[in-house]
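Welcome! Open your viewer, get the selection tool ready, and follow along stop by stop.

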Amino acid sequence: MVNICKRCGAPLNHGFAFCNNCGAPIEHPVRYERARSARNPLILSATALVLAIVLLLGLWKPGFLWDLKGSLMSHSGNTGDVEPAALQGEKPVYNPSEIPVSGTPAFSVTPMPGITVSAEQNALDRERTFTAEPLTESEMGTLFLDRSSGDWVPVYAFAFDAGLEDTERLPGELNIELDMKKFDVEKDLWPYLKVIRLGDDGTVMELPTAVTDKGISFTTRQNSVLMAILTGFAIGIPVMAYIERGQDGLRELYPNEIFYEAIYPELQNANARYRVTYPKSMARTDSPELKALNDRMRALIERYGLDPDIPLIDAAMEACTTYATNPEFEGVDIEAAAFRLMKKIYNDKEYLSIKATFNDPQWQMKNLWTESVWNVCNRLARADDYLFDEREFRVPTHVIDVLVLDRWPHGAETLGVAKNLYTASPFIHINAKKALDMQNLLVTVTHELFHVVQSGYVYYESNNYTPFIEATAVLLEKEAFSYYSGAEQLLDGGRTDLLTDRNKWELFSLPLMTPSQWVNVSDSKKVMQEQGYVSSHWIEFLRDRYYPGDDFLKNLMERYAATIGTLDTDVHKILRDQTSSDSDVYCIDFRLFCIRNYEKFNGRSQYILPKPDVVTLSAETPHVRIDMPYQAFSVHIRDFKIENLNDKGEAQKYKILITGEAPGLIMPSVRFYQNDDYQGNITDDGMTLLPESTAKLVTAHEIEDYFMTTPGTTAGTGYEYELFLLLPPAAPLVEIDEEEDLMRVTPQGFSLGTRSSGYDVVVITPEGDKFFFPQRSYTTEAEIPLDELESGESDTVEEDPKYKVYLVEKVEFPDGSLQYGPDGEETELDDDLRFEDILGTYDMTQTVSGFDTDYLDDIVGQMEGVPGMEDYLEQYDEIMGNVDGTYSGTMVISAYQTGGEIAEVTFVPSETEYGTTYYRGVWDKGVLHLEPVGEILGGSWDLTFKKSDGKITCEGTSSYDGDMASYSYTLTAVKQTG
């Protein structure tokens, strides 16, 4: 059968890639056999070399030889990942979209006398009407009794309405000024007035206040029932007040406990407003000054006829039970009477004196504070400077409670936590027992304070934003760490143990920062937090890839506040709009991020739960189909075990064909690695063929880089890809039909099945010419005309030509190209050269050239002049002086073990009766693949055998370049007969 050119019809010559007539490429090009190269020779004088090393070095540095051998056995590193060309190129264009604003104008209104509401441009989401209604004295008394622990006295209260739901916030801040002169409040009390917001859900939030010429002012972004109050009739803050403000668990930790407020000068002038408090049990209560102050307070209460041993409100109510006979309280109910009585106390100059003393920072530092309280205040002031002065984040519009606790409910190893992040007034707990490490405290306080800052941007009730919140906080922590360890020298930059652990890369197997898409996740709250930690790598990647300045997180928080809705998937839109504003580019960015971090994903893949099954591909099961669920922005690592041993237990080279099928618009990327080296990838409805390998494991890196599941697709299904293991086809049956002048070739099985596009019969002639004969997929027997196997270069015709024949599978790709599997096992029409044939004794000649031992020469040079070394130096010169040359001797090849084709090679120098075994190797179709045995200074090399007219010869050639020696050699040997 003669193949013809599809373009011009001319006959095609086998072994050529192009038509000789018209130059058109041949569909099945010539496939050249790969040349083998020997590696790392053994020279005959290696015995002398090792002897010299032991002789010269072992005398005075025992064990050095072993270390030296280890240094010579170096391995080259892997080639690393190969990124797709589409992901290379220049840095992408930074193109953030505009952050939406409302466009509302600045304004100032007076909803009632004494109250002024104002705001800057864009503070409102839309045009709104503001109302304010004052509460009556009786209403304030009732409100006071319902909401207070007995140590808060309302001065003035009003219901404020901006047309918002209780959970809603305005884009910007409202500034509210209260003219306290119009409300008959003495000016001496203004510095002690606080403003609180009472939410519909019963929460109590204190708002930062400032003293003005007319009274006080404060800011808010919400509707409120507001009241100006005076804190403290007792010295300190009763725990009930914290329970009202959402401090869960304190009643059980500190039953009936009093909390002291730490007045720290730097915090009084900070950007945000803080209330650092600690339980009385932590204070230095042995202070005589504190006892005297308590005695003065007790005497004051008794002077008004009240019981000092019960809460003030109870004492006032008890004292007012006879209000009907008291002209001062005539015409009011008992609540209002109690309210008036307590107002008399807080106007008392003795009370103001006691309060002023207690609130003096120097007095507190001397009489109350422990080291942990001072540390927290100091580090909090540093964190405030960094977040609001250095980074210019939005200052929260509530007083931030920071509780220093010696009874710790959050785990012994935890230093700090931010609580109530999904409410209007989050707060911070600090573990007093761990607050002595100032550096750890600084990092922790900054991280937790940033959580409070985040809540000032967006109010939401869902935990689903936890990963994004944690990711940005961990990145902020890392940036703060660099800042603190830089110019200010607040901490040691080498203490990376202070940073949050963000190493759980296996959590990328869940849709990134979108818990609403997670399925069957136990303890989801903890997983959300931990995924947030590791997700910070992704946000950091975007920052470094795009952002030209250092205000990435600040701008990201502003966009977060303006964009967030009810879906946690909005976080990817926020990140997209903050970088490229292009969804396709954002997805490509995610793929590039995953590629660059493959080693981290793979290193942590063992921790994925539930652990993916390891699929085995073998001759019995050469095909597997993988179904990937729809999981936007997720990463999976999947291992495939390869069983590629033949019947003799030898490792066969193989290739793997991979095909993909993408329903709808979902187009993830699946990348494949062998021995951590990237081998190929597949996307969409594509195909790829991995390079030839003998690796026992193939790893798939599945990257799902898209925003959402395609509408209309079936839930639980997704991208599919298939793997086909292409092992070398078995040696075919070959016979010569002399009557028909044909070679008949019968395959013995293939790997691809219906995926196969056929196979090639490859025939190697006695002259070494190689011919290819393409066959269709289901051809059960190939017929090769013998006249097509004639070589134009041979003038002789053998009576019994000796052919080698093997098969190669092939597959057609979508572009029409053909790719091939590994070469199959050969069938030889002549008798094979068997393993048993090579065993025996050989006459050997070896030529060594370029021998060099700079390393040993340097060492020997150090021994010159040392007494007692003269004989050793002379021996060294005699042995090592002139190694280059030709050597002769005997080589003995014997079977190393029964039942396996493994031989060992013993070299016997001339004029000696014994030899040394330096190499051992595996027999493979005419080649011994030799490996060194013992301390020989050489590497692996091949000894190639030939059989001609019953005569067996072998040869090997290589070069060696090691730390101790370098040389080249050739070896030839002829097996002795008889």
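This is a predicted model: local features need pLDDT of at least 70, side-chain atom pairs count only at pLDDT 80 or more; totals for chains, interfaces and linings use all residues.

Residues are numbered from 1 along each chain as its sequence is written, and side-chain values use heavy atoms, with hydrogens and water left out.

**Stop 1: a buried pair**

How many salt bridges does a search of the whole structure find? There are 34, a salt bridge being a side-chain nitrogen of Lys or Arg within 4 Å of a carboxyl oxygen of Asp or Glu. Select E206 and R275: their closest N and O atoms are 3.9 Å apart, and they form one of these bridges. E206 sits in strand β7 (residues 204–207) and R275 in strand β13 (residues 274–279), so the pair ties together parts that are 69 residues apart in sequence. Helices (H or I, at least four residues) and strands (E, at least two) are DSSP runs, numbered from the N terminus.

Are these two buried or exposed? E206 is buried, at 4% relative accessibility, and R275 is buried too, at 3%. Here buried means under 20% relative accessible area, exposed over 50%, and partly exposed in between (1.4 Å probe, protein chains only).

**Stop 2: along a helix**

Now pick R298 and E302, whose side chains meet in a salt bridge of 3.7 Å, N to O. Both belong to helix α7 (residues 288–303), and because they are four residues apart, about one helical turn separates them. R298 is partly exposed at 34%, and E302 is partly exposed at 43%.

**Stop 3: neighbours and a network**

Next, select R576 and D577, which form a salt bridge of 2.9 Å, N to O. R576 is buried at 16%, and D577 is buried at 15%. Then highlight R391, K478, E479, R502, E540, R543 and D544 together to see a network of salt bridges.

**Stop 4: the negative patch**

Finally, turn to the surface, where a patch of negative charge gathers residues including D852, E864, E878 and D963. Such patches are made of residues with over 30% relative accessible area and no salt bridge, with like charges joined within 9 Å; Asp and Glu count as negative. Which helix gives the most to the negative patch? Colour α22 (870–880): this helix contributes five residues, the most of any element. Among its residues is E878, which is exposed at 68%.

Definitions and conventions: Patches are made of residues with over 30% relative accessible area and no salt bridge: like charges are joined within 9 Å, nonpolar side chains (Val, Leu, Ile, Met, Phe, Trp, Tyr) within 5 Å. Accessible areas come from the Shrake-Rupley method with a 1.4 Å probe; for residues, only the protein chains shown count as cover. The place of a charge is taken as NZ of Lys, CZ of Arg, CG of Asp or CD of Glu.
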